[in-house]
Amino acid sequence: MVTGDQATASAVQAPAAEARAAKARAVAETVTDPELPMLTLRELGVLRDVRVAPDGAVEVTITPTYTGCPAVQAMRDDLRARLAEAGFTRVEVRTVLHPPWTTDMISESGRRKLAAAGIAPPGPAPRRTSGPIPLTLGPPRTVVRCPRCGSRDTDELSRFGSTACKSLRRCRACREPFEHFKEL
Amino acid sequence: MARDDLTADPTGTVGPTAAGAPAGTALDALAEDHGDARWAYGTGFHDPLAGLDTAVPDGVDGDVLAAYCLMLGDDALIMSHRLQEWCAHAPELEEEVALANIALDLLGQARLLLTRAGQADGTGRTEDDLAFLRDAGEFRNVRLVEAPRGDFAFCMVRLLVFATWRLALLDRLTASRDPVLAAAAAKGVKEVAYHRDHAAMWTIRLGDGTAESRRRMLAALDAVWPQVGELFTPHEVERRMAEAGLGVDPSTVRAEFDHVIADVLAEATLPVPDLAAPHEPGRGGRDGVHTAEFDALLAELQSVARAHPGATW
């Protein structure tokens with residue numbers, strides 16, 4: 001716990017350190033997702049934490065969307081490269097699994113940007129109740145609006161799309177195919 | 001060792017630090033950053049278990065925990081391989097993408113579990129060491145996953161059985177006292193729920209489809225069912241892990257499995273096959289006793305790694 005005295009002392013002693021930490025955070029927050037370049041990792045909910053140690057080393061914590069997400073390596077590279085450009089020479093990117101990522105962690109601005117890019121944003125992630133996980137034998141009952149024309153008359157072509165996190169749908173009104181960020 | 005390259009360079013520095021290197025673009029920074037050279041067949045997580053308490057919990061020794069992680073990890077790895085074999089063979093493009101996505105999810109699960117195994121048994125073997133440098137007798141996957149690819153009906157019936165069984169196991173494993181198993185299971189549950197739904201919908205479409213699709217589904221049920229008994233026959237390792245509150249005794253998920261399968265097959269107008277002769281304990285994949293086809297699978301899976309040890313690209 002940080003007491004008022006300690007906070008004051010650290011603010012007096014290390015304004016530069018705090019500025020550096022804020023800068024590292026700001027830089028990390030500009031890094032975008034390699035597969036969804038319209039979103040930052042922060043908006044995607046993948047960027048968990050950015051810390052700067054007293055010795056200047058930066059530790060960034062991210063969490064994968066899916067266990068096998070191949071973009072994690074590219075995210076690490078991009079974070080390190082962007083921070084290196086900003087003068088942070090010692091950067092460690094850690095990948096954590098807990099708590100597991102869910103689509104509910106995508107921010108409001110992230111959802112708007114997905115829709116603007118033609119990808120229907122996810123609805124609320126399914127809530128687990130107790131007991132066995134129920135089968136879903138038909139198309140999900142949630143309405144997915146067409147990101148182009150806004151029609152609610154869309155159907156699922158395939159639950160698996162170009163990346164693990166998206167499904168493929170079709171709008172029956174404007175007849176365009178589109179991707180849907182599926183709930184996880 | 002090439003693997004060490006993935007843990008960043010010795011000073012922990014990144015970026016354009018070499019003398020004379022221009023500072024600036026992301027490309028420069030990457031080009032200078034030899035710390036993240038990709039190993040030929042490993043990528044991504046330099047420490048897949050970061051942020052988790054990786055001490056071996058009390059109640060079992062590390063060898064038992066490791067053996068259990070190998071069982072669940074090998075199931076995922078080998079099932080993933082058989083699904084990957086559908087690339088360029090699926091009946092339609094959307095299905096090819098779906099099968100590849102499912103295979104990728106399972107590969108991710110395998111990587112976490114194999115990493116945990118190599119760490120828990122104290123040998124320090126990596127996920128790659130375990131996937132690519134073990135012989136057939138050291139693999140602990142059930143035999144269901146090693147049967148050859150078969151036709152699309154076989155693929156879907158096997159996936160339905162596998163995903164229904166694994167989802168029930170992982171769902172219970174989220175309560176494991178081992179933080180690594182619990183975290184891996186929590187992620188896996190969400191993924192495998194999609195896999196099970198996908199296989200269930202195809203089972204219904206094909207079982208209640210044309211005369212030919214139905215004929216093939218009936219043949220696939222006949223081919224898969226003799227492997228089902230093994231899934232629910234607990235191995236000594238699984239029993240001990242369950243007793244310690246760390247793992248799941250697979251015999252306890254049988255009722256849930258039967259219930260889900262009965263629902264799907266009824267909807268598909270397919271009969272639930274009779275259970276074949278019970279599995280003989282001590283003579284299955286969990287004991288390292290595999291089928292002849294498994295040798296051929298491993299030869300392909302491991303060929304690059306064995307031909308070029310430690311190669312990077």
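Predicted model: local features only at pLDDT ≥ 70, side-chain atom pairs only at ≥ 80, totals over all residues.
# Chatting through chains A and B

In chain A, strands β5 and β6 (residues 166–171) run antiparallel to each other and are joined by 4 bridges.

User: What does parallel or antiparallel pairing run on, in general?

Analyst: Strands of a sheet pair through backbone hydrogen bonds, in either the parallel or the antiparallel sense.

User: Back to the start of the chain. How do β1 and β2 of chain A pair up?

Analyst: Strand β1 (residues 47–52) of chain A runs antiparallel to β2(A), with 5 bridges joining them. One of the pairings puts A:D49 with A:T61 in β2(A). β1(A) and β2(A) make a hairpin with 5 residues between them, and in the turn A:G56 has a positive phi of about 95 degrees.

User: And which way does β3 of chain A run against β2(A), parallel or antiparallel?

Analyst: Parallel: β2(A) and strand β3 (residues 91–95) of chain A are paired over 5 bridges. Across that pairing, A:E59 stands opposite A:E92 in β3(A).

User: What do β2(A) and β3(A) make together with helix α4?

Analyst: With helix α4 (residues 71–85) of chain A, they make a right-handed β-α-β unit.

User: Which side chains of β2 in chain A are buried?

Analyst: In strand β2 (residues 58–62) of chain A the side chains alternate.

User: Where's A:G68?

Analyst: A:G68 is in the loop between β2 and α4 of chain A.

User: Buried or exposed?

Analyst: A:G68 is buried: it has 25 other C-beta atoms within 10 Å, and the cut-off for buried is 20 or more.

User: Which residues does A:G68 touch, leaving aside its neighbours within four places in sequence?

Analyst: Residues of chain B: A:G68 is in contact with B:L104, B:D105, B:L107 and B:G108.

User: How far is A:G68 from A:R172?

Analyst: Their C-alpha atoms are separated by 33 Å, and the two residues are 104 apart along the chain.

User: What domains does chain A have?

Analyst: The domain assignment gives domain 1 (10–95) and domain 2 (106–124 + 142–181) of chain A. The C-alpha centres of domain 1 and domain 2 of chain A lie 29 Å apart.

User: How many residues are in contact between domain 1 and domain 2 of chain A?

Analyst: 9 residues of domain 1 of chain A are in contact with 10 residues of domain 2. On the domain 1 side, the touching residues divide into 5 nonpolar, 2 polar and 2 charged.

User: New topic. How many helices and strands are in chain B?

Analyst: Chain B has 12 helices and 0 strands. Of its 313 residues, 49% count as buried. Among contacts in chain B with a separation of 6 or more, 75% are between residues 24 or more positions apart.

User: What about α6 of chain B, how many of its residues are buried?

Analyst: 21 of the 22 residues of α6(B) are buried, so that helix is largely enclosed by the rest of the structure.

User: What span should helix α6 of chain B have?

Analyst: At 1.5 Å a residue, the 22 residues of helix α6 (residues 152–173) of chain B should span 32 Å. The end C-alpha atoms of α6 of chain B are 30 Å apart, which agrees.

Key: Residues numbered from 1 in each chain as written. Chains lettered and ligands numbered in written order. Domains from an automatic or database assignment. Contact = placed C-beta atoms within 7 Å. Nonpolar A, V, L, I, M, F, W, Y, C, P; charged D, E, K, R; others polar. Buried ≥ 20, exposed ≤ 12 C-beta atoms within 10 Å, placed from the backbone. Helix = DSSP H or I, 4+ residues; strand = E, 2+ residues; numbered from the N terminus. Pairing = 2+ DSSP bridges. Right-handed = clockwise from strand over helix to strand, strands pointing away. Expected span 1.5 Å × (residues − 1).
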